[in-house]
Amino acid sequence: MLNSSAVEIHRLTVIRGKTTVLPDLTVTVPRGSVTGLLGPSGCGKSTLIRAIAGIQVVKAGTVTVLDGPAGRPEARRRVGYVTQASSVYPDLTVMQNLRYFAALTGSDEAAALEAVDNVGLADKADALVADLSGGQRTRVSLAAALLADPELYLLDEPTVGLDPVLRRDLWQLFKRLASDGKTLLVSSHVMDEAGRCDRVLLMREGRIIADSTPDELRADTGQDDLEQAFLTLAEGAA
Amino acid sequence: MTRTIATARRVLQQLAHDPRSIGMIVVLPSVLLLLFKYVYDGNPAIFNRVGPQMLGIFPFVVMFLVTSVTMVRERTSGTLERLLTTPLRRGELIGGYGVAFGAAALGQALVTSAVAIWLLDMDVNTPWAVVLFAVVDAVLGTALGLLMSAFAVTEFQAVQFMPLVVVPQLLLCGLLAPRDSMPDILRWLSDALPMSYAADAFSELGSTSDSTSSLGKDLVILLGCCALALIGASLTLRRRTP
């Protein structure tokens, strides 16, 4: 039976070092949509994404991803995780990186070429990643996830440091993927990106303080600006 | 298997973008041997006794360093974390590294042995066995480098594991003093360290030795150590981290 949620998290607790990063968190991510995970730096966004990717040691709770436990071998091909730092090899060219990740996920050359085109780096295909700008490296990292055509994308701050035109293009790409039935969880600390999502999870100090659509968020708080809406909610929760 | 080969190809491509490192891997041992030869110019017997052992030690040291630094870089840059979220198995990753650096080691061993035997007139009784043992030593260095990289948080620490792992083995392997003359405790320690068997093999391969009877045993022990280190290395790769 196909569950309508791509990710279901129930009472998740994560402790890193002496800090409780996520105290008792429960949330779901609907399939076939773009869900934004918004909140300030250090609020636990990356830890939550790592838990969904199945690479975070968790203290308690369950994380169900695509109808099974997070991180199980069968799901690895179906989940694409892009870390905050661009995790590609700087001493390889763009295409050498993409060919390697294609080989790991069983994709082909055509998928690698399509991915490099989708992130707008076709003209840099043979450039060394070390010679690219930070934003370009982030896009190479994203392309390495795209080529595997996963069902669930976990994107940790994919638009940081990108110029507005590229950001718009990437959000259009995310929308297109969602309309093809893919699920995307995209984190960001820039509140105006919340407006581009189908659904928004606002996070603060390891807790979800809002889980709704951008319009509901504006209506509930009486604020047109999502940054202001966040402030209203954060102060209400404190 | 395709993922092991893909990983090996990726590691070699990375190396190909770094010609200076290739130069160091291929040429450096020959230069050191040359230096060694002329330091003992007045006493060729020493070169013929110790030189063959050097052929086994250089690849070990160079590959240990190259591998541990590369692997620490993989761990700290986030690429390892990413690889572990893909279908790549841990054994395939370690195997890929082993194959890539093993191939580099073969190139190094061929060049170094050729220089030693033809240019520096080192007397050895079985040249192909010299190459074989040099490659096995290099793979051992790679395997231990992969294992030790788990205990280094930075590349700076990884470099400092070199003296920790290499110097005691150099002192105890029988290169400087015969192992039989060591105090019992040191001899037992020496028996437990892989480089002792490499040194043993290379001294048998030198022309000053007339027995090659324990070469097979040495080879088996060295391969066993490689396997243990590689298994240990893949166990240190944790998918879930705190």
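Student: How many residues of chain A are in contact with chain B?

Tutor: Contact means heavy atoms within 4.5 Å. Here 29 residues of chain A are in contact with 25 residues of chain B. Please note that this is a predicted model, in which local features need pLDDT of at least 70, side-chain atom pairs count only at pLDDT 80 or more, and totals for chains, interfaces and linings use all residues. Residues are numbered from 1 along each chain as its sequence is written, chains are lettered from A and ligands numbered from 1 in the order in which they are written, and side-chain values use heavy atoms, with hydrogens and water left out.

Student: What area do chain A and chain B bury between them?

Tutor: Buried area is the accessible area (1.4 Å probe) that two parts lose on being put together, summed over both. Chain A and chain B bury about 2,700 Å², with 53% of it on carbon and sulfur atoms. Of the area that chain A buries against chain B, 25% comes from Arg76(A), Tyr100(A) and Leu104(A), more than from any other three residues.

Student: At what angle do the axes of helix 5 and helix 6 of chain B cross?

Tutor: Axes are lines fitted to C-alpha atoms, for helices over the stretch in contact, and angles run from 0 to 180 degrees between N-to-C directions. The axes of helix 5 (residues 90-119) of chain B and helix 6 (residues 127-148) of chain B come within 8 Å and cross at roughly 140 degrees. Helix 5 of chain B is therefore oblique to helix 6 of chain B; angles under 35 degrees count as roughly parallel, over 145 as roughly antiparallel, 65 to 115 as roughly perpendicular and the rest as oblique.

Terms used: Helix = DSSP H or I, 4+ residues; strand = E, 2+ residues; numbered from the N terminus.
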